[in-house]
Amino acid sequence: MKLAIVGAGVAGSYLGNRLQEEGHHIQVFEESKKDVHWPVCAWGASKNMLEIFSKNAGLDFENYILHRGKKLRMDLPANNTEYLELKGLVTYDKYHWEQDLCKNLNIKYGVHCTTESEFLKEYDYVVDCTGLHRSLLPRSQEDFIIPSYEYLVDNVDGIEEFYVIGYKGARGYFWFFPLGNGRAYIGAGDIDRRYFGISEFFEKNPQAKVVKKIGRPIRLSPPKRMLPFSYTNKIGVGESIGCVFPMLGEGIIPSLLCCDIFIEVLNKDPRFDAKLYEKRVLKKFGYYDDVYRIVRMKMDGKLSTIKHFKLLMSMYRNMKRDEKRFGFGIDFEQMNRLLKAL
Ligand SMILES: Cc1cc2nc3c(=O)[nH]c(=O)nc-3n(C[C@H](O)[C@H](O)[C@H](O)COP(=O)(O)OP(=O)(O)OC[C@H]3O[C@@H](n4cnc5c(N)ncnc54)[C@H](O)[C@@H]3O)c2cc1C
């Protein structure tokens, strides 16, 4: 099978690696130039899952871990503070992880692909791994993205753990993700574009040195709202079809889970059953739609813990079941306290 993968982010690099190992002919196209290509992300994810994905791709995840979290502090409105018990949340060297996945792949950097790109016509399938851009698939009327940006900073003293600041109305949050040796990502996603916490961080930490400023919005609309997943011979994988956990804007693990579904479906029948793929993705990420509805209602001030109890229970049960996948403990009382405080 001759496949083109467009986008060498987390989904494209993992998928390319896995499919090439299985004997497919893979060509990757990436729009950024090789010397500036950088994984836009705060590099935080669950070790429990990344160990499995790494193993599948012939890598040892231990080699990439930068910081192992123990507790995450959450500063909430009205001076409330909560602590999340971490059960595998780490930061890891996403740059080298993706570079290593791509080591043996044929990649053309600096190539921007569109639906009009003639050179894509020679492939049996073209996989849209363009993340937020969704360059090869039709737009979705229900697309919803949250503006965000972050800094990679050096020379941070005295802050060794993950911490976040939750904004009122769950309209976004500030994050501090430690990368070890005084390095960290600080950033924020904020529907109102105020990004509280970023300038405050620099005021409190004048010695912090900016290495990079990185920014792009994050898609929050889940797969159910990002149909179609395919168009002619183009198939979307990862954030391009909404594989992001809407409450957190967390897309690494969901994108990789989506890659695994793509591989399963392709292995079942090389003619790629797009309907089966759609069904499996919608099933896997079904509860993301409940979470998305909770987030949107909270943002609009319409969430009621009584009226929407069923929806909240669905989110709780699914997150509890997936504790390992998230890398932190889930507690119903705490979830309620959090929602009330926000
Ligand atoms: C600031 C920020 C911080 C985040 N932090 C976290 C975090 O800590 N943990 C977490 O789990 N998730 C995080 N996320 C979300 C996560 O990074 C994404 O959901 C995930 O990277 C999506 O993977 P992907 O491969 O689908 O897309 P991407 O990783 O975005 O990769 C898409 C690739 O396609 C390329 N591309 C785009 N358009 C074209 C085109 N037309 N032609 C060719 N190439 C193209 C891009 O250059 C890019 O390399 C964060 C997102 C942002 C913006």
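Strands and helices are DSSP runs numbered from the N terminus, with at least two residues (E) for a strand and at least four (H or I) for a helix. The model described here is predicted, so local features are reported at pLDDT of at least 70 and side-chain atom pairs at pLDDT 80 or more, while totals for chains, interfaces and linings use all residues. Residues are numbered from 1 along each chain as its sequence is written.

Strand 14 pairs with strand 13 (residues 172-180) in the antiparallel sense over eight bridges, where two strands count as paired if DSSP finds at least two bridges between them. Within this pair, Phe176 stands opposite Ile186 of strand 14. The hairpin of strand 13 and strand 14 has two residues between the strands, and Asn181 takes a positive phi near 55° there. Strand 14 also pairs with strand 11, again in the antiparallel sense, over six bridges, and Glu150 stands opposite Gly187 in strand 14.

An open sheet of six strands, with mixed pairing, has the order 8-2-1-9-18-17. Strand 8 (106-109) and strand 17 (230-231) stand at its edges, each with a single partner strand, so one side of each is left without a neighbour in the sheet. The partner of strand 8 is strand 2 (residues 25-30), and these two pair in the parallel sense over four bridges, with Phe29 standing opposite Lys108 in strand 8.

Gly110 is placed in the loop between strand 8 and strand 9 (125-128), and Gly110 is partly exposed, with 13 other C-beta atoms within 10 Å. The C-alpha atoms of Gly110 and Tyr185 are separated by 26 Å, the two residues being 75 residues apart along the chain.

Strand 4 and strand 7 (residues 89-92) run antiparallel and are joined by three bridges, and the bridge partner of His67 in strand 7 is Thr91.

## The ligand shell and the nonpolar core

The ligand is surrounded by 40 residues, of which the closest are Gly7, Gly9, Gly131, Gly238 and Gly251; a residue belongs here if its C-beta atom, placed from the backbone, lies within 6 Å of the molecule. The elements that give two or more residues to this shell are helix 1 (10-21), strand 2, strand 3 (44-46), strand 11 (148-154) and helix 5 (252-268), and the largest share, three residues, comes from helix 1.

The largest nonpolar core has 91 residues, and those with the most contacts inside it are Leu15, Val127 and Val237; such a core is a set of buried Ala, Val, Leu, Ile, Met, Phe, Trp, Tyr and Cys residues joined through C-beta atoms within 7 Å. Helix 5 gives the most to this core, with nine residues. Leaving aside its neighbours within four places in sequence, Val127 is in contact with Leu3, Ile5, Val6, Leu15, Ile235 and Val237.

## Backbone exceptions

Most residues other than glycine have a negative phi, and most peptide bonds are trans. Ala78, although not a glycine, has a positive phi of about 60°, and Asn79 likewise has a positive value, near 55°. Ala78 lies in the loop between strand 5 (71-76) and strand 6 (80-85), and Asn79 is placed in the loop between strand 5 and strand 6. Ala78 counts as exposed because it has 6 C-beta neighbours inside 10 Å, and Asn79 counts as exposed with 7.

A cis peptide bond, with omega about 0°, joins Leu227 and Pro228, and Pro228 is placed in the loop between strand 16 (218-219) and strand 17.

Definitions and conventions:
Buried ≥ 20, exposed ≤ 12 C-beta atoms within 10 Å, placed from the backbone. Contact = placed C-beta atoms within 7 Å.
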